[in-house]
Amino acid sequence: MMTLEKFEQAYDAVQKVIIKTKLVYSDFYSESTGNKVYLKPENMQKTGAYKIRGAYYKISTLTDEERNRGLITASAGNHAQGVAYAAKLYGIKATIVMPTTTPLMKVNRTKAYGADVILHGDVYDEACDYALKLAEENGYTFIHPFDDLDVATGQGSIAMEIVKELPTVDVILVPIGGGGLATGVSTLAKLLNPNIKVIGVEPAGANCMQESLRKGEVVTLPFVDTIADGTAVKTPGSKIFPYIQENIDDIITIEDHELIGAFLDMLENHKMLAENSGLLTVAALKHLDCKNKKVVSIISGGNMDVITFASLVQHGLIERERIFAVSVLLPDKPGELTNVSKVIAEAQGNIIKLDHNQFVSINRNSAVELDITMETFGHEHKQKIIKALKANGYSPKLINPKCVYN
């Protein structure tokens with residue numbers, strides 16, 4: 001049973017290893033949603049995510065014999081770092097099985113804490129099956145990333161902190177992968193104040209908990225497809241599922257493209273880096289059917305590699321029309337490239353990439369293709385540039401911008 005006494009024990013235990021993540025009031029999200037929005041920045045934890053809470057508390061409850069057998073777990077990255085770091089503090093061996101698709105940064109940071117890392121499977125579920133096999137073969141103690149009541153109790157310490165700091169909180173948004181964080185947060189929140197509404201947030205391409213709640217039993221998705229790798233889980237936890245059924249008020253699903261906008265918003269307005277799974281609750285803010293409520297959005301993690309970072313920035317700028325590209329045809333003679341550049345410059349466009357193709361037509365005097373990628377201030381500025389090109393005799397055709405960060 002997940003009791004208030006156990007939550008208090010977990011809260012006291014994790015104070016030894018966590019960084020205090022005070023709520024951050026967001027003027028930007030408050031104004032755009034009509035609520036009073038606070039961010040719980042668990043991306044600022046030492047291991048880059050909230051997972052250290054559950055991992056450390058779970059390991060603290062083990063016997064010496066269980067710890068000395070060595071630990072093993074499966075994780076898409078954040079739980080891996082939590083277990084590796086906690087194991088290091090206890091001076092015990094840890095083996096981590098991670099999907100082959102895990103971002104390199106998460107792999108390297110897990111190794112840096114002294115854990116042995118094994119890459120296996122394309123998704124978490126395949127890595128977990130292999131970890132359980134190794135645990136049985138070698139006698140390791142398995143630390144489940146979410147389907148464990150002690151782990152979930154440790155994660156619930158977040159709710160204790162939220163209520164202590166903001167006793168009048170109305171809504172807590174919590175991301176869901178396998179369900180451990182949502183279990184701990186929702187169960188403790190309801191114990192402390194049954195009127196608090198706790199809403200889970202899942203990627204639309206990995207909504208295993210939503211489907212399970214619809215059917216009233218744990219179900220396995222045939223596949224998952226989402227950029228939110230930390231929540232790319234096909235099967236939610238069976239041990240924690242009854243708690244989710246009782247304490248989660250609703251589930252919101254988020255499309256991948258919404259995470260791109262949320263990523264830029266967080267960077268531009270809060271100078272805060274959050275990984276895609278951590279951005280789920282931020283993207284969910286605009287889906288809330290309430291006004292004038294005190295809403296806490298849990299930013300669960302910030303472990304993102306630079307390649308993903310660059311990709312999100314580029315796709316975000318394209319989505320907001322801050323970067324766009326056109327193709328124009330012009331005669332292959334001196335001065336034409338200068339003329340096009342002048343038109344764009346006078347419209348205050350900033351060219352960042354040119355692709356000049358002289359062989360699009362046999363008759364080079366009549367048609368040379370020029371692809372132009374440029375920066376703008378947004379939609380209106382983009383239309384101004386297109387209008388200027390047309391006014392000067394060009395017929396710009398919109399094309400997909402090519403990568404500008406290579």
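The lining of the largest pocket has eleven nonpolar, eight polar and six charged residues (Ala, Val, Leu, Ile, Met, Phe, Trp, Tyr, Cys and Pro count as nonpolar, Asp, Glu, Lys and Arg as charged, the others, Gly among them, as polar). The model is predicted: local features need pLDDT of at least 70 and side-chain atom pairs pLDDT 80 or more, while totals for chains, interfaces and linings use all residues. Residues are numbered from 1 along each chain as its sequence is written, and side-chain values use heavy atoms, with hydrogens and water left out.

**Pockets**

- A pocket is an open set of points on a 1 Å grid over the protein atoms alone where a 1.4 Å probe fits, with protein on both sides within 12 Å along at least five of seven lines; lining residues have an atom within 4 Å of a point.
- The largest pocket holds about 420 Å³, a volume being the space filled by probe spheres set on the points.
- Of its 25 lining residues, Thr101, Thr226, Ile227, Asp229 and Asn276 are the closest to the centre.
- Because domain 1 (4-48 + 149-314) and domain 2 (51-142) both give residues to the lining, the largest pocket lies between them; the domain bounds come from an automatic or database assignment.
- Helix H15 (residues 306-319) gives the largest share of that lining, four residues; helices (H or I, at least four residues) and strands (E, at least two) are DSSP runs, numbered from the N terminus.
- The second largest pocket has a volume of about 220 Å³, and H13 supplies the largest share of its lining, five residues.

**Helix H3 and aromatic pairs**

- Nine of the eleven residues of helix H3 (residues 51-61) are buried, so the helix is largely enclosed by the rest of the structure (buried is under 20% relative accessible area, exposed over 50%, partly exposed in between; 1.4 Å probe, protein chains only).
- The whole structure has six aromatic pairs (Phe, Tyr and Trp rings, the six-membered one for Trp, with centres within 6.5 Å; planes under 30 degrees apart are stacked, over 60 edge-to-face, the rest tilted).
- Tyr56 and Tyr90 form a tilted pair, with ring centres 5.8 Å apart and planes at 35 degrees.
- This pair links helix H3 to helix H5 (residues 78-90), 34 residues apart.
- Tyr56 is buried at 9% relative accessibility, whereas Tyr90 is partly exposed at 30%.

**Cysteines**

- There are zero disulfides (pairs of cysteine sulfur atoms within 2.5 Å).
- The sulfur of Cys128 is 13 Å from the closest cysteine sulfur, in Cys208, too far for a bond.
- Cys128 is buried at 6% relative accessible area, and Cys208 is buried at 0%.
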